[in-house]
Amino acid sequence: MSRSAAKNKRMAVQGLYFVALMHPLVFGVLWKWSGVVENHVIVKVLLMDICFYVARRSEPRYLTVGGGAGREGENLCEDCQVARPPRVMHCKTCKKCIYKWDNHCPLLNGCVGSGNHGKYVLFLAVTTTCLFSLADALFAAVRMPLLSSMNLLPVLLTLIIVVLQAISAGLLTWHLFLILTNQTSPEVLRPEKCFWLNSPSSPTSALSVSSALSNFISWANHEFCDPPTPPSPPPSPRTWSSSV
């Protein structure tokens with residue numbers, strides 16, 4: 001196992017421990033300082049856990065067909081020795097080529113791309129809503145004790161939940177922007193690595209009402225209704241550049 005893979009696996013295990021530890025802390029503080037844990041908070045936490053499990057178990061669509069030379073407009077992955085069509089990128093942690101690769105998530109211990117991006121965004125949406133409800137319930141629970149005596153545990157716990165909610169909301173906003181413009185994170189942050197962006201038929205689009213609606217419908221259809229199979233790159237005797 002490479003050093004980066006071992007580091008990501010260690011971060012994933014630590015993330016699981018952190019999530020497991022937060023559950024009794026949050027419910028314990030709510031029960032001690034308010035005397036009750038509202039049903040909608042419990043339902044949202046359970047729904048968040050289910051979405052986390054589904055997102056963690058899902059996998060993106062890997063490119064496994066090909067090898068050797070490819071057609072013009074394709075790119076050779078030097079690690080996998082596979083001809084990559086547009087929008088296929090290699091993850092150095094998973095050591096695989098993935099269609100519409102977006103990022104490698106340490107918490108999920110896997111890549112996010114075509115095939116599981118929808119589950120990832122759904123997890124972010126449910127998590128943002130759940131953390132907002134938890135922050136509101138915790139603030140209401142610790143507000144009165146805070147005025148009478150400085151108890152650091154509920155205050156620190158509330159601040160942690162607020163920070164996590166801000167991070168989750170930021171990630172959700174970012175991925176909604178990517179969906180509406182039909183882009184991935186590397187296409188925005190590292191365009192020099194995306195050879196297909198130089199093509200006149202680049203799949204990305206400017207943000208407008210009509211294109212955003214069309215992009216969202218197409219994304220939802222691919223992710224939840226009929227996930228597409230990545231194109232298979234047939235070999236070709238023609239020569240082409242292998243630079244990224």
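**Pocket lining and cysteines in a predicted model**

Colleague: How much space lies in the second largest pocket?

Modeller: The model is predicted. In it, the space in the second largest pocket comes to about 360 Å³.

Colleague: Which residues lie nearest the centre of that pocket?

Modeller: The second largest pocket has a lining of 14 residues. Nearest its centre lie Asp79, Arg84, His90, Lys92 and Lys193.

Colleague: Which element gives the largest share of this lining?

Modeller: Two elements give two or more residues to the lining of the second largest pocket: β1 (75-77) and β3 (88-91). The largest share is three residues. That share comes from β3.

Colleague: How many residues of the lining are charged?

Modeller: Sort the lining of the second largest pocket by class. Six residues are nonpolar and two are polar. The charged residues number six.

Colleague: Now the cysteines. How many disulfides does the structure hold?

Modeller: A disulfide needs two cysteine sulfur atoms within 2.5 Å. The sulfur of Cys111 has its closest cysteine sulfur in Cys91, 3.1 Å away, so that pair is too far apart for a bond. For Cys105, the closest cysteine sulfur is in Cys111, at 9.7 Å, which is also too far for a bond. The number of disulfides in the structure is zero.

Colleague: Is Cys105 buried or exposed?

Modeller: Buried means under 20% relative accessible area. Cys105 has 10% relative accessibility, so Cys105 counts as buried.

Colleague: And Cys111, buried or exposed?

Modeller: The cut-off for buried is again under 20%. The relative accessible area of Cys111 is 3%, so Cys111 is buried.

Methods: Residues numbered from 1 in each chain as written. Predicted model: local features only at pLDDT ≥ 70, side-chain atom pairs only at ≥ 80, totals over all residues. Heavy atoms only, no water. 1 Å grid on protein atoms, 1.4 Å probe; cavity = no way out; pocket = protein on both sides within 12 Å on 5 of 7 lines; lining within 4 Å. Points joined across faces, edges and corners; volume = space filled by probe spheres on them. Helix = DSSP H or I, 4+ residues; strand = E, 2+ residues; numbered from the N terminus. Nonpolar A, V, L, I, M, F, W, Y, C, P; charged D, E, K, R; others polar. Buried < 20%, exposed > 50% of the residue type's maximum accessible area, 1.4 Å probe, protein only.
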